[in-house]
Amino acid sequence: MQADETETRLRTLMLASLDGDAAAYRQLLSELTRYLRPYFARRLSPAHASHAEDLVQDTLLAVHTRRMTYDRARPFTAWLHAVAHHKFVDHVRRHAIRPTVPLEDDAPVFAADDSANAADRLDVDAVLSDVSPRTADLIRQTRLEGASIAEAAARHGMTETAAKVSIHRGLKALMARFAGGEK
Amino acid sequence: MTDDLIARLAADLEPTPRHAVERRILLSLLMGMLVTVLWAYLVFDLMLGRTFGGADSVAMFWTKFGYTLALGLLGLAAAPVLVRPDGRIIWPLVGAGLLALMALGSGTMMWMRADWPMDMLMGRTAMVCPWLIVLAALPVLIALLAAMRRLAPRSPAMAGLAAGLVAGGFGAWVYAFYCGETGMMFIAVWYSLGIGLTALLGAALGRTLLRW
């Protein structure tokens, strides 16, 4: 159910990206980052944890240069998983790293995502749909994905103060709605 | 860092046409064939003195025509799948193997009925035939491998093998126009060997050239 929802959402973004929609593409790549980071981190021993970010970037780059090989009629998540897996195996071989998970026992990329576990994330999406999309995104970035307020504000082209106010009002509204009054 | 990368990649985005992989492969095959046709005329006609359409038996010419083209087309069915990261396909390669076995089987039957004359197997050109097929196939193989370097095969060796099968099949198809041999056993052994060598060459080159 969750996997189907992820597939539909990401595939839609990928199809728009293939038609040249840069905004959809940017969103696709940042969403993929959220899945790829824990995917690689899980597979590397703590001593090699620093390789995870390189692998995320390698994979994004491969998605970019090899996007032609995605067959529009096939599942996107399967393609992305194949790309990430290929990059991981290649990286491990090249750096003679001992992976923490046997290569055969390879859980797919979309088994887990970074911000929270799957059920919680659905709840969060539902709750955040109550406030304006920009506020929702600010809250998501600062409170769930660990971005600083300055970063989140910059991404939306607003000042830090305005972002703070927006986040505060958004959270207050949500509290009023879901906590049955101010606490 | 990763955010910068995403911004740069998004700025670099250009629309990707539909069936881009298939088009890329067909276009490279077409360009390779153009060179192969000229190259074959130069080497086989002008240098080796073979005449175009030099087969003595019409039926045997069509057998060569069909056998080589079928192997090339089987490779062409496998190639666009094998160049993808999630691509798995096996039936064209099994089909090519079965086709070669069938050719060997019927060749042996005909050879047996004629009571095993040596020249039915060896013809006059057995020692050069496989090498000339590889030679004729080279331009197609180079064009296909060059086109595939921008793609992302799950297994570089398998993608190279498919490229080699396409190149071998189409190269042998062009060679058939300059080949005067008429024995079924000759085709089953020496043509298959030439095409097989090209496929192996493709796999060996693909292993290193098609890494990504």
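Student: Leaving aside neighbours within four places in sequence, what is Y191(B) in contact with?
Tutor: K64(B), T68(B), C129(B), I133(B), A172(B), Y175(B), A176(B), C179(B) and F186(B) are in contact with Y191(B); contact means heavy atoms within 4.5 Å.

Student: What am I looking at, and how is it labelled?
Tutor: This is a predicted model, in which local features need pLDDT of at least 70, side-chain atom pairs count only at pLDDT 80 or more, and totals for chains, interfaces and linings use all residues. Residues are numbered from 1 along each chain as its sequence is written, chains are lettered from A and ligands numbered from 1 in the order in which they are written, and side-chain values use heavy atoms, with hydrogens and water left out.

Student: Which residues have the most contacts inside the largest nonpolar core?
Tutor: Those are F44(B), M148(B), Y175(B) and Y191(B), in a core of 60 residues. A nonpolar core is a set of buried Ala, Val, Leu, Ile, Met, Phe, Trp, Tyr and Cys residues joined through side-chain atoms within 4.5 Å. Buried means under 20% relative accessible area, exposed over 50%, and partly exposed in between, with a 1.4 Å probe and protein chains only.

Student: Which element gives the most to this core?
Tutor: α7(B), with 11 residues. Helices here are DSSP runs of H or I, at least four residues, and strands are runs of E, at least two, numbered from the N terminus.

Student: How many helices and strands in chain B?
Tutor: Eight helices and zero strands. The C-alpha trace of chain B spans about 75 × 35 × 25 Å along its principal axes.

Student: How much of chain B is buried?
Tutor: Of its 212 residues, 50% count as buried.

Student: And L27(B), buried or exposed?
Tutor: L27(B), in helix α2 of chain B, counts as exposed because its relative accessibility is 52%. Its C-alpha atom is separated by 9.1 Å from that of A143(B), 116 residues apart along the chain.
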